[in-house]
Amino acid sequence: MPGTDTLTSAPPHGHAAAADARPAAASPPGRGLPVWWSFIEDRILLNVATILMMAAIGFMFYEAASRSLLSESHWWAEELVRFLVVWSVLLSLGVGTRHGHYIRMDLLLNLMPRRARLALAWLNSLIGLAFSVLLVIAGVQEVSHLQAVGMFTESNLDLPLWLVRLVLPLGGVLYGFAFLGNIVLLLRGHDPDPPAEGENL
């Protein structure tokens, strides 16, 4: 009968509630930082870092072609490539760390109990944050010194050296945000880098 088909096809209320609760429990807790900061990292910093790296590749190709075809070498190109690569790496260091894009030796870590993983995550976050603070302090001191003495780059680019080294404290701040996000997650009781499904044997 149509009425009985309708009644039997509807799942019990308890099963429906459990099914609705499962995705919420399995949903990732986020990365511990505000949404607007994730937007800045993913939409702005990564694009700027990509453009800088592409520019470095372009200048590198130009220098190689100039040497091979025209027998000419441009010192400014070599120096500019170094600056662009350093800026690209340091601008993307924090977001790369936050998204776990670096190689990790996590075989032993995945075999540990959750409390041990959280303890190591606390240790990693605090050490990383301390390193970021030291990088910012050292970078600010170096930038201030270079600005005071008025040094310029070695090639005929004649760029103020303090402007080039400004990426050191800036990269330290961006790097520190990655560890701050991990600390926020740890304070909420979440594992910043949980093992993937099937890895926790």
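Helices here are DSSP runs of H or I with at least four residues, and strands are runs of E with at least two, numbered from the N terminus. G181 is buried, at 0% relative accessible area, where buried means under 20%, exposed means over 50% and partly exposed falls in between (1.4 Å probe, protein chains only). The C-alpha of G181 lies 9.0 Å from that of P34, although 147 residues separate the two in sequence.

A word on the ground rules. What you are looking at is a predicted model, in which local features need pLDDT of at least 70 and side-chain atom pairs count only at pLDDT 80 or more, while totals for chains, interfaces and linings use all residues. Residues are numbered from 1 along each chain as its sequence is written, and side-chain values use heavy atoms, leaving out hydrogens and water.

Now let's walk along α3, which runs over residues 35-70. Its 36 residues reach 50 Å from the first C-alpha to the last, close to the expected 52 Å; that expected span is 1.5 Å times one less than the number of residues. Along the way α3 has a kink of about 30° centred on E41, the bend being the angle between axes fitted to the seven residues ending at a position and the seven starting there. E41 is also among the buried residues of α3, a list that includes W37, L45, L52 and E63. These buried residues of α3 pack against α4 and α8 (167-187), with contact meaning heavy atoms within 4.5 Å.

What follows α3? The helix is followed by S71, with a positive phi near 55°. Most residues other than glycine have a negative phi. S71 belongs to the loop between α3 and α4 (75-98) and counts as exposed because its relative accessibility is 67%. D158 is another non-glycine residue with a positive phi, near 55°, and its place is the loop between α6 (114-149) and α7 (161-164).

Finally, a look at the record. An unreviewed UniProt entry lists residues 44-65, 80-97, 118-141 and 161-187 under "transmembrane region"; its positions follow the numbering used here, feature names are shortened, and annotations may be inferred rather than shown by experiment. In the model, residues 80-97 are 100% helix and 0% strand, with end C-alpha atoms 26 Å apart. Residues 118-141 are likewise 100% helix and 0% strand, and there the end C-alpha atoms are 35 Å apart.
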